[in-house]
Amino acid sequence: MKKSHFSKSSYISASVLALALGLSAPLAHSIPFTIDGVLTGDIRPDSPDNLFMNVTITGDTTSNQAFWTIDINSPAHPDVKLDEFYFNMSGLASDYSFSGFDPTGWTVNSPATVQGAGGTTFMFETLDPAGPPNAADVTNSQNLTFTMTNNVGNFTTALFTNAPVAQSNDAGSGQLGAHLQSLTTAGNCGSSTNCSDSGFAFGEYSDRPVTIPEPATLALLGLGLLGLGVARRQKK
């Protein structure tokens, strides 16, 4: 049987070519992204402070679905409850639909009827609708999660970061908002030293995209490294 012989220089040349192709191949068309938002208490001096809510949205640019997590993080208000969560998006309200709510029973409506924020308008409101069955409360220990579907295409970070900013005449502004209830505030409530109050929080979208190479690119890089390894073993 005739043997095929490859010189060390052939291995090295092929490996260098594979590495070059791998390094020069275009990066992935699929780009995962994470959108963050931090909502904080409004600017009115008589409103409760130490209000914080974290929003995280994950998705990727080849998908028309994105996944939301709304996390109240306000330990200064141990009895805090989310009344309504508000947000804006680029495009039309009809471009988006919503599903998979946890707690079950929450929903997203448009246009929003904003509670407690001085004339602010938002595209969407997330709430537990009035009347039975009553959904579980969203609290410091219970997040709200749901899936958003883009009905007209795939998601990009610009659909979030370029969304309109909602303006209040006395409470602040933001692309995100929340009306919160059962807040602990100092005050005169008869024999009690604390009052249960409500307050508003605003926030903005901030993106942190991650780029991952395509599988073909990784395969070329692996082939190049393997070839260099074989050449090195031949040298020994």
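These are my notebook entries on a predicted model of a single chain.

**Ground rules.** I number residues from 1 along the chain as its sequence is written, and side-chain values use heavy atoms, with hydrogens and water left out. Since this is a predicted model, local features need pLDDT of at least 70 and side-chain atom pairs count only at pLDDT 80 or more, while totals for chains, interfaces and linings use all residues.

**Overview.** I looked up the elements and got three helices and 13 strands (DSSP runs numbered from the N terminus: helices are H or I, at least four residues; strands are E, at least two). Of the 236 residues, 36% count as buried (under 20% relative accessible area; exposed is over 50%, partly exposed in between, with a 1.4 Å probe and protein chains only). I then checked contacts (heavy atoms within 4.5 Å): among those with a separation of 6 or more, 72% come from residues 24 or more positions apart.

**Aromatic rings.** I found 21 aromatic pairs in the structure. Rings of Phe, Tyr and Trp (its six-membered ring) pair if their centres lie within 6.5 Å; planes under 30 degrees apart are stacked, over 60 edge-to-face, the rest tilted. I picked out tyrosine 96 and phenylalanine 124, which sit edge-to-face at 6.2 Å centre to centre, with 85 degrees between the planes. Their pair links distant parts of the chain, 28 residues apart: tyrosine 96 is in strand 5 (residues 96-102) and phenylalanine 124 in strand 7 (residues 124-127). Tyrosine 96 counts as buried because its relative accessibility is 6%, and phenylalanine 124 is buried too, at 2%. Ring pairs also join a cluster whose members include Phe33, Trp68, Tyr96, Phe124 and Tyr205.

**Threonine 40.** Next I went to strand 1 (residues 32-41), where threonine 40 has its place. Its relative accessibility is 33%, so I noted it as partly exposed. Leaving aside neighbours within four places in sequence, threonine 40 touches Leu51, Phe52, Phe200, Ala201 and Phe202.

**Largest pocket.** I ended with the largest pocket, which has 13 lining residues; Leu82, Asp83, Asp128, Asp137 and Gln181 lie nearest its centre. (On a 1 Å grid over the protein atoms alone, a pocket is an open set of points where a 1.4 Å probe fits, with protein on both sides within 12 Å along at least five of seven lines; lining residues have an atom within 4 Å of a point.) Strand 4 (residues 81-87) gives the most to this lining, with four residues.
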